[in-house]
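Open the model in your viewer and keep the selection panel handy. We will go from a pocket to the cores, one selection at a time.

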Amino acid sequence: MVTYIVLNVVVIVVILAVFARLKMLRWNAVMGYLLLLILLLTAIFDSVIIGIGVVDYDYSKTLGIRIGYAPIEDFMYAILAVLIIPALWKKMEILHVRKNT
């Protein structure tokens, strides 16, 4: 039986491997602050949408750790967004510059 944490770990390992291979990962202080902000917003808004029944989880497939109503596994999406969006933005910027030179 695949749990949410197993799925999250597989996805993040694959993405990190691809990004490392393409030299797309650059961590800095701004990304750290962004991660904190995104995690806070995830805790608030995911708790709201789970609390009012818009989204639900099969809690037998979670670790059982929650922040508000959100299972800890739900925060992996926020972490991935902080890694993926700036890396893709930078990559697209580089490709755009190369195309126009």
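How many nonpolar, polar and charged residues are in the lining of the largest pocket? The lining has ten nonpolar, one polar and five charged residues (Ala, Val, Leu, Ile, Met, Phe, Trp, Tyr, Cys and Pro count as nonpolar, Asp, Glu, Lys and Arg as charged, the others, Gly among them, as polar).

A word on the model: it is predicted, with local features needing pLDDT of at least 70 and side-chain atom pairs pLDDT 80 or more, while totals for chains, interfaces and linings use all residues. Residues are numbered from 1 along each chain as its sequence is written, and side-chain values use heavy atoms, leaving out hydrogens and water.

**The pocket.** Select Met24, Arg26, Pro86, Ala87 and Lys90, which lie nearest the centre of the largest pocket among its 16 lining residues. The space there is about 290 Å³. Now colour helix H2 (29-51) and H3, the elements that each give two or more residues to this lining; H3 provides the largest share, seven residues.

**The largest core.** Next, select Ile12, Ile15, Phe19, Met24, Met76, Leu80, Leu83 and Ala87, the eight residues of the largest nonpolar core. Helix H1 (4-21) and helix H3 (76-99) are the elements giving two or more residues to this core, and the largest share, four residues, comes from H3. Centre on Leu80: beyond its neighbours within four places in sequence, Leu80 is in contact (heavy atoms within 4.5 Å) with Val11, Ile12 and Ile15.

**A last stop.** Finish at a second, separate core of five residues, including Ala43, Tyr57, Ala70 and Phe75.

Notes:
Core = buried A, V, L, I, M, F, W, Y, C linked by side-chain atoms within 4.5 Å. Buried < 20%, exposed > 50% of the residue type's maximum accessible area, 1.4 Å probe, protein only. 1 Å grid on protein atoms, 1.4 Å probe; cavity = no way out; pocket = protein on both sides within 12 Å on 5 of 7 lines; lining within 4 Å. Points joined across faces, edges and corners; volume = space filled by probe spheres on them.
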